[in-house]
Amino acid sequence: GLEVERTRYMAELLTPLSTDRLVDHVAHVVEVAGIEHVGLGSDFDGIVTTVEGLEDASGYGALVEALRARGFDESEVSAVMGGNLERVLLGCLPEE
């Protein structure tokens, strides 16, 4: 149907980003919004293209290394790789 055609069209149109380009985007969001507002997810079902090397969550180690190579320190890498998400989710829970 129409959804299949749209998916096929998008797959032909889009080329995967490199890990370095993803890190460019992370660095830009950090510059604009601050490190505490950056997080990544691993919900890979239903997407047409992926970042090269991040076809699934097993590529996160390479992403961590790319962030370190770009100058992100350990606390910043930790924030991006899940710490910020954990902070936000825990902040949404009712206090005991």
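This is a predicted model: local features need pLDDT of at least 70, side-chain atom pairs count only at pLDDT 80 or more; totals for chains, interfaces and linings use all residues.
Is Glu65 buried, partly exposed or exposed, and what is its relative accessible area? Glu65 is partly exposed, with a relative accessible area of 43%.

## Salt bridges around Arg68

The structure holds four salt bridges. Side chains of opposite charge can pair when their charged atoms come close. In one of the pairs, Arg68 is joined to Glu65, and the closest N and O atoms are 2.5 Å apart. Arg68 and Glu65 belong to helix α3, which covers residues 60-69. They are separated by about one helical turn because they stand three residues apart in that helix.

Arg68 is partly exposed at 35%, and Glu74 is partly exposed at 48%. Glu65, as stated above, has a value of 43%.

## Salt bridges around Arg21

Helix α2 covers residues 19-33. Two of its residues, Arg21 and Asp24, are three residues apart, about one turn of the helix. Their side chains meet in a salt bridge, with 3.5 Å from N to O.

Arg21 and Asp24 are also part of a network of salt bridges that includes Arg70. The relative accessibility of Arg21 is 41%, so Arg21 counts as partly exposed. Asp24 is partly exposed as well, with a relative accessible area of 31%.

Which residues make the nonpolar surface patch? Tyr9, Leu13 and Leu14 make this patch, and its area is about 300 Å².

Leu14 lies in the loop between α1 (2-13) and α2 (19-33). With a relative accessible area of 33%, Leu14 is partly exposed.

## Asn84, a buried residue in α4

Helix α4 runs over residues 74-92, and Asn84 is found in it. The relative accessible area of Asn84 is 8%, so Asn84 is buried.

What does the side chain of Asn84 reach at 2.7 Å? At that distance lies the backbone oxygen of Val38. Asn84 also touches other residues: when those up to four places away in sequence are not counted, the list is Ile35, Glu36, His37, Val38 and Ala79.

Where is Gly59 found? Gly59 sits in the loop between α2 and α3. Despite its place in a loop, Gly59 counts as buried, because its relative accessibility is 9% and the cut-off for buried is under 20%.

Leaving aside neighbours within four places in sequence, Gly59 is in contact with Gly53 and Leu54. Thr19 is 40 residues from Gly59 in sequence, and the distance between their C-alpha atoms is 9.8 Å.

Key
Residues are numbered from 1 along each chain as its sequence is written. Side-chain values use heavy atoms; hydrogens and water are left out. Patches are made of residues with over 30% relative accessible area and no salt bridge: like charges are joined within 9 Å, nonpolar side chains (Val, Leu, Ile, Met, Phe, Trp, Tyr) within 5 Å. Accessible areas come from the Shrake-Rupley method with a 1.4 Å probe; for residues, only the protein chains shown count as cover. Helices (H or I, at least four residues) and strands (E, at least two) are DSSP runs, numbered from the N terminus. Buried means under 20% relative accessible area, exposed over 50%, partly exposed in between (1.4 Å probe, protein chains only). A polar contact is a pair of N or O atoms within 3.5 Å; within protein, one must be able to donate a hydrogen and the other to accept it, and residues adjacent in sequence count only if both atoms are side-chain atoms. Contact means heavy atoms within 4.5 Å.
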